[in-house]
Amino acid sequence: MKQFQYVKPATQQAVLDAVGKPGSKIIAGGTNLVDLMKRGVMAPDKLVDINQLPLKNIGITKNGLHIGALALNSVVSENNLVAQNQPLLAMALKSGASPQLRNMATVGGNMMQRTRCGYFYDTTMPCNKRVPGTGCGAMEGINRMHAIFGASPQCIAVHPSDMCIALAVLDAIVIIAGKKGERRLPFTEFHRLPGDHPELDNRLAKDELIVGVEIPDNNFAKSSYYLKIRDRQSYAFALVSVAAALEIDNGLIKNARLAMGGVAHKPWRLFDAEKSLVGKPATEENFAHAAQLAMQGAISHGGNSFKLKLAPATITEALKHAAGLV
Amino acid sequence: MESKKPCTGPDEDLDVKDSSRRNFLKQSTLLTAVALTPGTAMKAAAGHVDEQIAAAFEKMPLKMQVNGRQQNLSVEPRSTLLDILREQLDLTGTKKGCDHGQCGACTVHVDGHRINSCLTLGIMMNGKKITTIEGLANGDKLHPMQEAFIKHDGFQCGYCTPGQIMSAVACIREGHANSEHEIREYMSGNICRCGAYPNIVNAIQEVKDGGMAV
């Protein structure tokens, strides 16, 4: 690992001052960053440890459920307020990584983990995300895990988070601190598609800091489900995952939210499928129809063509679980 | 490298047998460091002492408690907790498997919670209490989980075992050892390439069902 300078500022202002400088990088849990630094994929000159900031709080505010950026993934997944109000988030978190990693990883860090693939990690291979302009090794290479939605010729990597799929479905808001104060960004706008700049995973500016996320109140707690399909039962990235949240009244769907993981550079919301479900009975037939709508525009790249069948099947199954049909 | 002996334990016996292998590894590491480092480090290397190489880089003070004993160290910011435990404190019970958070062999407890020490920068552990496999037994009396792993043959080659045991203890403390399914899910961060999983699950279930304090 390359040498770097280490600082641990005591205040948010001092963090913001430090991170604005070129070569600086924030570290919280470090589970992704330290791994990438060991492999030489990322090589910051200075690490700014933010663990002294008071950002671990989980509580109810007038805007809904507030979760501090430094709350640990394990703590959020076991928290009573989360279990009562947003069980989908707990379910997604528990399906991610391992218990050890969840004890280290923070909510903000989970959002900031790199969208990535094997070619991004392998410094002997071309990768537009790691070194812009070098090409994409995955496009014609081994691309079993890769994107079927929203990709560009530059990059077909996927964002591996489970937590973020749930937060996208729950219409979460990201609270971001900068030198000019705080701004609020819808979660679905936080992460980017690769386009011509795959080196950028999200819209957080260099001199900004995630301070927390907020989940507005909803009526999804009774009918929500996170279904993650992977190569082994536990501790593996999703081939495809689906977060499904329904509000069902007398058998009719009043409100629906759907998002997929493992299929795009960012959490992939299924807006058309959601709309198609509103006002319909909660039946397998309607779920399968929504799943077909969700697949419009999907493109595979060889190794990942199985996802074209796996994804709609996973959507249907997740909706059945959410609706209590399984 | 300065050889500190902060703890006595089973590892001390192993040191005799392992000394030639370990010295070889340390010397190889030194040669690699010389090959990779320019300027000041090369000058330090002329003395053929690896402390001098390390001193050529910026070090920072680190105070942490390891297995109940206060340690005042000087570390490079890039040193992982795993490397500090093994190389500076000679606590080689904690194993380096994948070194990338994928296998769990390096699992230790920080303030009572299990983490991967390979992905943890030591400098971030200032003021923390670390427990490694060496700190689990009570003197000569093994921890109930260590006894159970022996009784149920919860290992074959033994390389993953320290991590498995640290994780198993945490698994019960967290309240996630209530069924075979739950144990398997909450032990999934510890890979055993020999495939001793059924015996590991049996060992954990016995300790859990025995109701012993872990």
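Author: In this predicted model, 14 residue pairs are in polar contact between chain A and chain B, with both residues at pLDDT 80 or more. A polar contact is a pair of N or O atoms within 3.5 Å; within protein, one must be able to donate a hydrogen and the other to accept it, and residues adjacent in sequence count only if both atoms are side-chain atoms. On the side of chain A that touches chain B, two or more residues each come from helix H2 (33–38), strand S3 (46–49) and helix H6 (99–102) of chain A. Helices (H or I, at least four residues) and strands (E, at least two) are DSSP runs numbered from the N terminus. H6(A) gives the largest share of that side, 4 residues.

The conventions are as follows. Residues are numbered from 1 along each chain as its sequence is written, and chains are lettered from A and ligands numbered from 1 in the order in which they are written. Because the model is predicted, local features need pLDDT of at least 70 and side-chain atom pairs count only at pLDDT 80 or more, while totals for chains, interfaces and linings use all residues; side-chain values use heavy atoms, with hydrogens and water left out.

In terms of contact (heavy atoms within 4.5 Å), 30 residues of chain A meet 31 residues of chain B. The two chains bury about 2,600 Å² between them, and 54% of this lies on carbon and sulfur atoms. Buried area here is the accessible area (1.4 Å probe) that two parts lose on being put together, summed over both. Within chain A, the residues that lose the most area to chain B are Gln3(A), Tyr6(A) and Gln100(A), together 24% of what that side buries. The model scores ipTM 0.97 and pTM 0.90.

The charged pairs come next. Side chains of opposite charge can pair when their charged atoms come close. A salt bridge is a side-chain nitrogen of Lys or Arg within 4 Å of a carboxyl oxygen of Asp or Glu, and by this rule 1 salt bridge crosses the interface of chain A and chain B. Its partners are Asp99(B) and Lys38(A), whose closest N and O atoms are 2.8 Å apart.

On the chain B side, Lys96(B) and Asp83(B) also meet in a salt bridge, at 2.9 Å from N to O. Asp83(B) belongs to helix H4 (81–88) of chain B, whereas Lys96(B) sits in the loop between this helix and strand S3 (107–110) of chain B; the two are 13 residues apart. With a relative accessible area of 30%, Lys96(B) is partly exposed, and Asp83(B), at 25%, is partly exposed as well. In these terms, buried means under 20% relative accessible area, exposed over 50%, and partly exposed in between (1.4 Å probe, protein chains only). Salt bridges that share partners join Lys38(A), Asp83(B), Lys96(B) and Asp99(B) into one network.

Chain B itself has 8 helices and 5 strands, and buried residues make up 46% of its 214 residues. The average pLDDT of chain B, the predictor's confidence in each residue from 0 to 100, is 84, and 73% of the residues score at least 70. Over residues 1–19 of chain B the pLDDT is below 50, and this stretch has 24 contacts in the model beyond near neighbours in sequence.
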